[in-house]
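Here is a friendly briefing to read alongside the model.

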Amino acid sequence: HGRTRCWTPSGVLVLDANLKHGEYHGPYRSWWDNGAAKEEGEFFDGRRIGRYRWYHPDGTLWADHDYGTDSKS
């Protein structure tokens, strides 16, 4: 349970997320080793909900998907 954060050996933050019973739950953000955004969105009991975005290593948007608000879909 709780917040999890991961860094590269050089100190770059690459993950900031919350866990509930070992599943992602709540805001989720990750970054490439160069510090550019990689993924951002929200989870509910391990499933993506709402708007979720993926980025290329240069930080440009690669994909954007709306999973809706139904946590069971």
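Is Asp45 buried, exposed or partly exposed? Asp45 counts as partly exposed, at 39% relative accessibility, where buried means under 20% relative accessible area, exposed over 50% and partly exposed in between (1.4 Å probe, protein chains only). This is a predicted model, in which local features need pLDDT of at least 70 and side-chain atom pairs count only at pLDDT 80 or more, while totals for chains, interfaces and linings use all residues. Residues are numbered from 1 along each chain as its sequence is written, and side-chain values use heavy atoms, with hydrogens and water left out.

**Salt bridges**

- Side chains of opposite charge can pair when their charged atoms come close.
- Searching the whole structure turns up seven salt bridges, each defined as a side-chain nitrogen of Lys or Arg within 4 Å of a carboxyl oxygen of Asp or Glu.
- One of them joins the side chains of Arg3 and Asp16, at 2.8 Å from N to O. Arg3 belongs to strand β1 (residues 2-7) and Asp16 to strand β2 (residues 13-20), so this pair ties together parts that are 13 residues apart in sequence. Strands (E, at least two residues) and helices (H or I, at least four) are DSSP runs, numbered from the N terminus.
- Arg5 is partly exposed, with a relative accessibility of 38%.
- Taken together, Arg3, Arg5 and Asp16 are linked in a network of salt bridges.
- Elsewhere, Arg53 and Asp64 bring their side chains together in a salt bridge of 3.1 Å, N to O. Arg53 sits in strand β5 (residues 47-55) and Asp64 in strand β6 (residues 61-66), and this pair links distant parts of the chain, 11 residues apart.

**Residues in the loops**

- Thr8 is found in the loop between β1 and β2. Thr8 is buried, with a relative accessible area of 13%.
- Which residues does Thr8 touch, not counting those up to four places away in sequence? Thr8 touches Val14 and Asp33, a contact being heavy atoms within 4.5 Å.
- His21 has its place in the loop between β2 and β3 (23-31). Its phi is near 55°, a positive value in a residue other than glycine, and His21 is exposed, with a relative accessible area of 65%.
- Asp45, the residue of the opening question, lies in the loop between β4 (37-44) and β5. Asp45 has a positive phi too, of about 50°, although it is not a glycine.

**Aromatic rings**

- The whole structure holds eight aromatic pairs. Rings of Phe, Tyr and Trp (its six-membered ring) pair if their centres lie within 6.5 Å; planes under 30 degrees apart count as stacked, over 60 as edge-to-face and the rest as tilted.
- Among these pairs are Tyr24 and Tyr28, which are edge-to-face with 4.9 Å centre to centre and 75° between the planes. Tyr24 is partly exposed at 28% relative accessibility, while Tyr28 is buried at 10%.
- Why is the pair of Phe43 and Tyr52 called edge-to-face? The ring centres of Phe43 and Tyr52 are 5.9 Å apart and the planes stand at 90°, so the pair is edge-to-face.
- Phe43 and Tyr52 are both buried.
- Ring pairs join Tyr24, Tyr28, Phe43, Tyr52, Trp54, Trp62 and Tyr67 into a cluster.

**Charges over rings**

- Lys38 lies over the face of Trp32, at 4.5 Å from the ring centre. A charge sits over a ring if NZ of Lys or CZ of Arg is within 6 Å of the ring centre and within 35 degrees of the ring normal.
- Arg48 lies over the face of Tyr52, at 4.5 Å from the ring centre. Tyr52 is also a member of the cluster linked by ring pairs.
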